[in-house]
Amino acid sequence: MKIFNLLVGGAPENLPDNLNDFEGDWIGVDRGALKLIEMGLIPEVAVGDFDSVNDQEFKEIEANAKQVIKLDSVKDDTDTESGLKYALDHDPRAHIRVLGISGGRLDHLLANVLMVLQDRFRMFAEQIELIDRQNNIRFFNSGKHTVDKLEGFKYLSFIPLTQIDVLTLDDEKYELHNAMVSNARAYVSNEFIDSKATVYLSNGLVAVIQSKD
């Protein structure tokens with residue numbers, strides 16, 4: 001299975017410490033491409049309108065990235081959506097990690113979380129993972145799913161992003177049985193009681209967040 005790591009332009013202090021250990025190809029999204037180069041990680045592609053870098057920084061990206069896709073600043077897609085589309089066009093079965101999602105503008109964070117609701121990305125939602133220093137976000141469509149506990153992450157939260165007719169959490173610290181969720185809401189600060197937890201949803205889409213203080 002191919003892995004793509006998309007580094008977007010969030011706050012550098014919110015990035016995990018071990019980026020150099022991540023397997024897979026790197027995609028630099030806008031200023032994220034410059035950050036990769038500064039860390040010695042050469043992007044397979046740099047994509048964006050690059051409005052967050054100056055002319056000298058863009059020349060550095062052009063000189064180091066294997067490919068540069070410069071987008072018009074007037075566009076319908078966000079730079080992150082363009083990076084995600086690039087990855088899926090190259091391998092529809094790929095696992096895609098999106099890093100640098102947090103810090104700074106709240107609208108960017110929400111756009112990164114909610115983009116999985118778009119029809120073109122919805123069928124790939126379970127292949128997409130959003131990561132920062134304190135959070136790991138996975139998405140699950142209908143069915144029963146197993147969530148593996150990540151080392152060092154204490155909290156387990158479930159965020160239905162759509163209506164769900166039946167939602168069940170039966171092996172977490174705080175259980176939920178056959179709940180009907182009429183609209184988006186947040187079930188936060190649950191916890192694992194073992195190394196794995198399960199979530200069942202009859203329909204819809206849920207974000208599962210592991211987090212730590």
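Mentor: Here is a walk from the overall fold to single residues.

Trainee: What should I know about the source before reading values off it?
Mentor: This is a predicted model, where local features need pLDDT of at least 70, side-chain atom pairs count only at pLDDT 80 or more, and totals for chains, interfaces and linings use all residues. Residues are numbered from 1 along each chain as its sequence is written, and side-chain values use heavy atoms, with hydrogens and water left out.

Trainee: Fine. How many helices and strands in the protein?
Mentor: Five helices and 14 strands. Those are DSSP runs, numbered from the N terminus: helices are H or I with at least four residues, strands are E with at least two.

Trainee: And why call the protein as compact as a globular protein of that length?
Mentor: The radius of gyration is 18 Å, close to the 17 Å from the globule rule for 213 residues, so the protein is as compact as a globular protein of that length. The radius is taken over C-alpha atoms, and the rule is 2.2 Å times the number of residues to the power 0.38. The C-alpha trace spans about 55 × 35 × 30 Å along its principal axes.

Trainee: What percentage of the residues count as buried?
Mentor: 49% of the 213. Buried means under 20% relative accessible area, exposed over 50%, partly exposed in between, with a 1.4 Å probe and protein chains only.

Trainee: What share of the contacts comes from residues 24 or more positions apart?
Mentor: 61% of the contacts with a separation of 6 or more. Contact means heavy atoms within 4.5 Å.

Trainee: Charges next. How many positive and negative side chains?
Mentor: 22 positive and 36 negative, with the centres of the two sets 2 Å apart. Lys and Arg count as positive, Asp and Glu as negative; His and the chain ends are not counted. Each charge is placed at NZ of Lys, CZ of Arg, CG of Asp or CD of Glu.

Trainee: Now the inside. Which residues have the most contacts inside the largest nonpolar core?
Mentor: L6, I27, I96, V98 and F139, in a core of 30 residues. A nonpolar core is a set of buried Ala, Val, Leu, Ile, Met, Phe, Trp, Tyr and Cys residues joined through side-chain atoms within 4.5 Å.

Trainee: Which elements supply it?
Mentor: Among those giving at least two residues each are β1 (3–7), β2 (25–29), α3 (79–90), β5 (95–99) and β14 (206–211). α3 gives the most, with four residues.

Trainee: I128, then. Buried or exposed?
Mentor: I128 counts as buried, at 0% relative accessibility. It is found in strand β6. Leaving out neighbours within four places, I128 is in contact with L84, I96, V98, V116, I137, R138 and F139. The C-alpha atoms of I128 and R138 are 6.6 Å apart, for 10 residues along the chain.

Trainee: Switching to helix α1. Which of its residues are buried?
Mentor: In α1 (residues 31–38), the buried ones are G32, A33, L34, L36 and I37. Their cover includes β1, β2, β3 and α2 (55–64).

Trainee: What does L36 touch?
Mentor: Not counting residues up to four places away, L36 touches L7, W26, I27, G28, L41 and P43. L36 is buried, with a relative accessible area of 0%.

Trainee: Backbone check. Where does phi go positive in a residue other than glycine?
Mentor: D30 is one of them, with phi near 55°. D30 sits in the loop between β2 and α1 and counts as buried at 7% relative accessibility. F50 is another, with phi near 60°, in the loop between β3 and α2. F50 counts as buried at 5%.

Trainee: And what follows α1?
Mentor: G40, whose phi is positive, near 80°.

Trainee: Last one: where is H145?
Mentor: In strand β8 (residues 143–148). H145 counts as buried at 11% relative accessibility. Its C-alpha atom is 6.4 Å from that of Y200, 55 residues apart along the chain.
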